[in-house]
Structure formats: C-alpha cells, structure tokens
Amino acid sequence: MRSRGSGRSGWWLLVVVAAGVSAVSWLASLLPGLVGGALVATGAAVGAVLSQRGKQLIDEGVLHALETREKLLRDPRGRLPRVRDIEDLIAVGVHPAAPAGSARTVTSKVTPFVRRDRSEEIEAALRTHDFVLVVGESTAGKTRAAFEAARTVLPRHAFIAPDPADRTSLRAAVAAVRGRSRCLVWLDDVERYLGSDGLTPYALHKLTRSPGSREVVVLGTIRAHQRSRYNSVEDGDADASARFDQRTGRDVLALAHEIRLDRRWDPDEVARARAFRNDERIAHAIGIAGRYGIAEFLAAGPQLLTAWQDAWAPEGGHTRGAALVTAAVEARRAGWAHPLPTALLRDLHERHLAARGGFGLRPESWEEAVAWATTPLYATSSMLLPLDPSGDAHYVFDYLPDAVDASPEGAPIPEETWTRLIAEADPATCEAIGWEAVRRTRYTAARTAFQKALDAGVVTGAVGLARVLGEARQVQEACRVLRTALGSVPAETDPDALLALRRALAWWSGGAGHTEEALAMARAVHEEYARRYGDEHRATLEAALITARWLGATGRTSEALGLALDTGQRSLRVLGAEHRTTLDGRFEVAIWTGESGQPAEAARLWGELDEDAGRLLGERDKLTNDVRWNRAAVAADTGDTALALDLLTGVVEGRAALYGDAHPWTLAGRLELAGRTGRAGRTEEALALATTVTTDCVRSLGHAHELTLAGRHQQALWTARSGRSEEAGELFAALLADCGRLLGPDHPLTEGCRSQLAQPGRAAWYYELPSW
C-alpha cells in the first residue's frame with residue numbers, strides 16, 4: 001500500500017499489484033481443485049497473457065473495480081468512506097497547521113474550524129447545485145471551508161476523491177458513482193484534473209448524471225491565479241494540445257457555481273475565531289490578523305519551514321539565504337518583535353553561515369539571498385517580509401520561530417546573539433528582549449536588557465530587573481530597584497505602569513520578610529485593579545492571589561484560603577480550567593489547605609495539580625516545578641519519605657534544566673534534598689550531598705551567600721549525627737561567627753548554630769529557605 005501524498009497518513013489508497021496473477025488466483029478459488037491448481041501453477045503465463053490482452057479478457061466492470069480500488073481515496077478497510085467519516089483532513093488537502101505550545105503537547109495537525117462568512121453560502125450551494133467551486137487566493141482557507149460545508153450538509157454522501165497526481169483517475173470516479181444513491185466527488189485544486197484526459201464537460205456530465213445515482217455533487221477548489229489563467233485569451237504560440245486543454249478547462253469552469261473566499265478575514269470572522277483561542281495556533285493567528293489572513297498564517301508555515309530547512313543543502317544554492325532566515329528567526333525568538341534592520345541581519349547571519357561551513361557551502365550573493373528569502377510562497381507569505389520597498393528592514397514570518405520553539409531540537413539562542421541584539425535595540429525592545437530572556441531562563445541577558453531599558457526611562461524595566469534579582473535570591477536588592485523606580489517616575493507615567501511596579505513591590509517585599517507591609521500594598525493594588533477593570537479581569541485575579549499569599553503568611557490562614565478559593569472559581573469561570581491563572585489559584589488553595597490543618601486534603605490537591613500542571617505546562621515549567629516541590633514537602637510531613645525524596649530528586653533535575661546547575665534555585669533544591677535524606681536516617685549520604693552542594697555554592701555564589709552558609713550548617717549537622725561531635729562543634733563555632741557577621745544575630749541560621757553549640761545532639765534541624 002502507499003499513502004496518498006508525501007508524508008500523509010490515516011487514509012490509504014489500495015494499490016493492485018500484479019493484477020493478472022491476482023485475477024487468476026481469484027478464478028482458481030472458484031474452480032474444482034485440479035483445475036484450480038493448474039490455473040495457479042500456470043499463473044505466470046496467464047498473467048503475461050492478461051498483461052497483453054487484459055482489456056479484451058476482463059469486462060469493463062472488472063476494470064472499473066480495479067481502477068476504483070487503485071485511484072480513489074479509501075478508508076483503512078479498503079472502502080469508500082462517507083463524508084462524515086473523514087478524520088484525517090490532511091489527506092483531503094487541508095494544510096497542516098503549526099504545532100501548538102511545545103513538542104510535549106499532543107495536538108491535531110489542523111486547528112478547530114472557524115466558520116467563514118461564506119460558509120452558509122457554500123452550504124446552500126451544495127444543496128442546490130451539482131458543481132460548486134470555491135475560488136480564492138492561496139491559503140485563503142478554501143479547502144477547509146469547502147470540506148466543512150460538505151460535512152455539514154452532505155454527511156452521509158460517499159466521499160469520492162480521485163488521485164490528484166493522475167487526472168485519468170476521473171474514470172475511477174465515474175465508475176464509483178455509478179449506481180450509488182448519494183456521492184460527493186471531491187476535486188481539491190481542480191486544475192490538477194482539468195484536461196482532455198481528465199475533467200471535461202462530458203466527464204462532468206457523466207459524473208453528475210450517472211445512471212442509478214439520485215444525488216451526485218462535485219465540489220472543487222481552485223486558486224484565484226489559476227482561475228484567471230483559464231479566463232485569459234488563448235496563447236497563439238501554445239501547441240494545439242495546450243490550447244485544447246485550456247479551452248476545455250475554461251468550458252468546465254464555466255459550468256460551476258463559484259463562490260469567492262477572501263484571504264483576509266473580516267472582523268466578524270476574527271471574532272468567531274476568538275471562541276477557539278484556547279488553541280494556541282488560532283490565538284496567535286488572531287494577533288496578526290491585520291497583517292495576514294488567519295488561514296494563510298496557519299497553512300503557509302509548514303511549506304516555508306521545509307523550504308528554509310532544505311536550503312542548507314549546498315546543492316540548493318541558497319545557503320546564505322538559509323543563514324539569513326536563521327538569523328531573523330533567532331532574533332525574533334529572542335524578543336525582537338519589530339522589523340529587523342537589514343544591516344543587523346547581515347551581521348548576524350554571518351555567524352550562522354560560518355558555523356555551517358562558511359564559504360565551503362558555496363553561498364550565493366547577499367542580493368540573491370535576500371531575493372530568495374523574500375519571494376512569496378503563498379500569497380503575501382514569504383520567509384522574510386520587507387517593511388517597505390526600500391528593503392532596509394524585514395519582518396520574519398511568525399510561523400518559523402514558533403515552529404523552531406515547538407520542535408524538540410529547538411536550538412538555544414547563543415549568548416553573543418543576546419548581547420548583539422541588546423546593544424542594537426531601542427529601550428522598549430530591550431524590555432521585550434528581557435522578558436523573553438527570562439522566559440528562556442537566560443538571566444544574564446535579561447538583567448542587561450532590563451537595566452538598559454530602565455536607564456533609558458522605561459520604568460517598567462524595573463519590574464523585570466526585580467524579577468531577575470529576586471529569582472537570584474537578591475530580594476532586598478529587588479525591592480530597592482522597585483522603590484527607586486516608584487520614587488522617580490515622571491508625573492505623566494501611565495497609571496498601568498505604576499500599578500505594575502506596585503504589584504511587583506508587594507510581591508518581593510513579602511519575599512523579603514516584610515509580610516504586613518506587603519499585605520497592605522497587595523490589598524491596595526487588588527482594590528485598584530478591581531475598580532479599573534472589574535473583579536474578573538485577569539490582572540485583578542492575579543492581584544487577589546498575591547493578597548491571599550500574604551494573608552496566609554501573616555497568620556490569617558482561613559482568610560487566605562477563602563480568598564484563594566473564590567479567586568480560583570472566578571478564574572475557572574472566566575479563563576477556563578487550563579489557564580495559568582486558574583492553576584495559580586489552585587496552587588494557593590493547596591498551600592492554605594495544608595496550613596489550615598488538612599494535610600491529607602492538601603496532599604490530594606498537590607497530587608492533582610502536579611498531574612495537571614505537568615500535562616498542561618510540561619515537566620520543565622516553573623509552576624510545575626514549584627508544585628512538585630510543595631508536594632514533596634507535604635509528602636515528607638505526612639510520613640511518605642520515599643515519595644518525598646523521589647519528588648525532590650525530580651525537582652532538582654527540573655531546576656537544573658530550567659535555570660542551570662549553578663543557579664540558586666537549583667542549589668537550594670539540592671541542599672533541601674540533602675536535608676530530607678539526613679532526616680530519613682541516611683546520614684552519611686546526606687553529609688556527602690551537603691558537602692558537594694556547599695562546594696558548588698562557594699564556587700557559584702561566594703562564601704558570604706546565604707545558601708553557602710546553609711550548606712555549611714548541614715555539613716556540621718550531619719557530621720555531628722555521624723558521631724564526630726568534636727569536629728561538628730568546631731564547624732558550628734566557625735559558622736556561628738560568620739552567620740552573626742553576615743546575617744545578623746537573629747537570623748535562623750545564627751540561632752541554629754548557637755542552639756547546637758549549647759545543646760549538642762539536640763533534634764536535627766536545618767534551615768529551609770523561604771518557599772515564596
């Protein structure tokens with residue numbers, strides 16, 4: 001068997017192999033044993049005769065049956081499907097859409113169907129006309145709109161789709177409709193079937209007026225520029241056959257009831273698409289609907305992606321073009337959303353070209369590379385789109401960076417690219433690059449970008465800079481940056497920008513231990529968002545969750561749980577179960593359920609949220625990692641030590657993937673794993689883990705960092721539990737001096753050292769960093 005169309009699956013065309021021998025075997029099965037055996041034994045000879053004189057020996061009905069099996073789309077059981085049974089839309093000509101989210105997410109190859117303004121007209125035409133043709137520009141969405149209309153009004157019709165690679169397959173379609181009560185003949189890209197040996201006016205008449213058939217509808221699509229070709233004056237220089245094919249095609253198309261479908265979607269269509277914005281591909285397409293047709297955006301990408309990837313082959317002659325597109329895609333992935341200056345692209349592409357082999361690839365000229373990358377493949381879509389005729393700046397077709405990010409082998413963006421882009425970017429673009437760097441956990445680049453934006457007067461750059469500092473556990477510095485920004489904002493600053501600064505300060509102030517102050521700020525911010533946008537706006541909901549966090553942290557546990565429950569329900573109703581804000585609400589509910597004295601219920605909530613976050617966000621998402629971290633703590637507290645250690649091991653692996661081995665969050669996770677291991681009675685293993693992570697903390701964070709001091713505390717603790725009390729006393733004494741000097745006399749680590757020295761052998765205690 002072979003699939004129809006390269007790389008397609010699901011529906012299959014059955015190919016008759018060695019038809020002569022098969023026919024003989026079939027005849028043999030009907031005859032008595034001796035004669036039948038003789039026929040089979042002489043099958044090769046008979047097959048040869050059949051191959052030469054088959055049309056004389058096999059009646060027309062058998063030939064039609066063979067052609068039908070070979071040249072029509074069939075289901076996996078070899079039968080003609082009904083329209084309603086078609087599931088693989090790629091097999092009927094619908095372009096595959098971009099993958100959603102990331103490679104971990106399993107999604108359909110096509111997006112949910114959004115009804116077009118012309119859908120009702122196509123449906124009405126299918127009820128009243130026997131030949132309907134949907135015309136439009138490339139990637140206008142013709143095939144999908146036509147098929148969905150057929151599925152709506154002709155679901156029980158037999159679906160007859162001739163092989164588009166062979167226009168003589170129309171004969172098989174004619175044979176298939178004979179005697180059937182209801183048929184839909186599907187001719188996607190109908191120009192592939194037109195010609196003297198394909199679809200002619202006579203063949204169309206045989207299809208739609210087939211003896212014994214009550215209702216046969218032919219439904220086709222054609223690109224607008226192909227349609228216009230058949231309307232043009234005949235080319236006198238063409239040969240007679242070409243002129244006849246053109247005239248025949250024109251005569252066929254003249255018999256069709258045509259419906260035009262625009263490439264650009266009007267506001268009503270875009271509004272209908274918003275009902276499917278939970279599909280990331282449609283949501284993204286809506287965002288650029290002013291520049292592209294939505295169907296165009298969804299459909300052109302795969303072909304552009306393939307052309308770009310194939311261009312790296314030296315024999316293709318477009319290696320410099322491939323490097324140019326790679327540079328543009330990488331810049332877009334790094335957060336440069338505006339048109340990319342051509343001079344910058346020329347600079348960036350050289351690195352990619354050199355990495356692939358440089359002049360050994362025999363690259364074309366720069367001018368040829370730009371011409372290739374900007375040549376439209378579908379309608380206005382090309383890999384790069386010039387901003388204006390000057391060619392001084394280009395957009396990159398948005399599908400390409402999305403596809404790279406969704407692929408398992410999506411390459412990381414090198415440090416030199418971040419540096420070059422930040423150096424060239426204006427302040428607003430720098431802020432965008434900073435947030436993209438945070439999303440990709442490239443904190444050095446993010447800090448540089450946010451600092452440049454803030455220095456240039458983009459006050460919300462302080463929010464990003466505080467995020468980077470806070471994630472690095474420099475929480476006091478994060479608060480200082482935000483307070484400085486709030487104290488120096490111009491009077492005309494956008495009120496929303498001020499709210500963003502205040503919300504960030506409310507969060508990091510609580511993280512710094514100033515929980516009452518943080519709670520007051522969070523409440524004020526929450527009330528302001530509610531006043532401006534209402535109780536169910538996403539920003540209001542997020543501010544409510546911050547308020548819930550600091551309510552609980554200040555001892556108002558029942559209030560925190562009540563607010564978290566209410567906010568979670570609002571988010572579920574407004575944003576849906578899969579939205580991150582809804583998951584954040586469940587996070588707070590789980591926290592304060594546990595703190596309210598319901599450990600078993602908390603364990604259940606954390607387990608369910610762990611499963612859902614992993615499924616929806618992926619194993620390497622920050623929220624997923626934080627959920628698992630909290631779930632590990634609850635498991636340990638409820639006595640399930642094995643589960644706790646298993647979860648913590650996964651947390652450490654996840655943090656290393658998210659942040660890198662040297663990041664404070666990764667080191668903190670390793671230190672907590674050491675502590676939990678020691679509490680489980682595996683003292684020597686805990687000591688080894690604590691010693692290793694402390695050494696890494698010194699190397700990455702320095703001797704004075706809180707994590708380094710916490711690691712030294714565990715070293716001393718597990719040394720004492722190993723029976724070396726004198727050595728442990730010396731370690732605690734040295735650490736006490738350093739903690740008092742660096743952290744102050746009231747810090748938990750300072751007090752912990754003092755207690756161990758005063759009462760050696762007391763219950764094992766180790767410092768757990770704040771879990772905010």
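Which residue stands opposite Leu385 in S10? The residue is Tyr395. The model described here is predicted.

**Strands**

S10 covers residues 393–396. Strand S9, residues 384–386, runs antiparallel to S10. Three bridges join S9 and S10. Strand S8, residues 340–341, also pairs with S10 in the antiparallel sense. Two bridges link S8 and S10. In S10, His394 is the bridge partner of Leu340.

| Strand pair | Sense | Bridges |
|---|---|---|
| S8 (residues 340–341) and S10 (residues 393–396) | antiparallel | two bridges |
| S9 (residues 384–386) and S10 | antiparallel | three bridges |

S9 and S10 form a hairpin with six residues between the strands. In that hairpin, Gly391 takes a positive phi near 75°.

**Helix H21**

Helix H21 spans residues 461–471. How many of its eleven residues are buried? Ten are, so H21 is largely enclosed by the rest of the structure. Among the buried residues are Gly461, Val463, Leu465, Leu469 and Glu471. Just after H21 comes Arg473, with a positive phi of about 65°.

**Asp738 in helix H34**

Asp738 lies in helix H34, residues 725–742. Is Asp738 buried or exposed? Its relative accessibility is 19%. The cut-off for buried is under 20%, so Asp738 counts as buried. Leaving aside neighbours within four places in sequence, Asp738 is in contact with Leu709, Arg712 and Leu743. Leu709 is 29 residues from Asp738 along the chain. The C-alpha atoms of Asp738 and Leu709 are separated by 8.2 Å.

Conventions. Residues numbered from 1 in each chain as written. Predicted model: local features only at pLDDT ≥ 70, side-chain atom pairs only at ≥ 80, totals over all residues. Heavy atoms only, no water. Pairing = 2+ DSSP bridges. Helix = DSSP H or I, 4+ residues; strand = E, 2+ residues; numbered from the N terminus. Buried < 20%, exposed > 50% of the residue type's maximum accessible area, 1.4 Å probe, protein only. Contact = heavy atoms within 4.5 Å.
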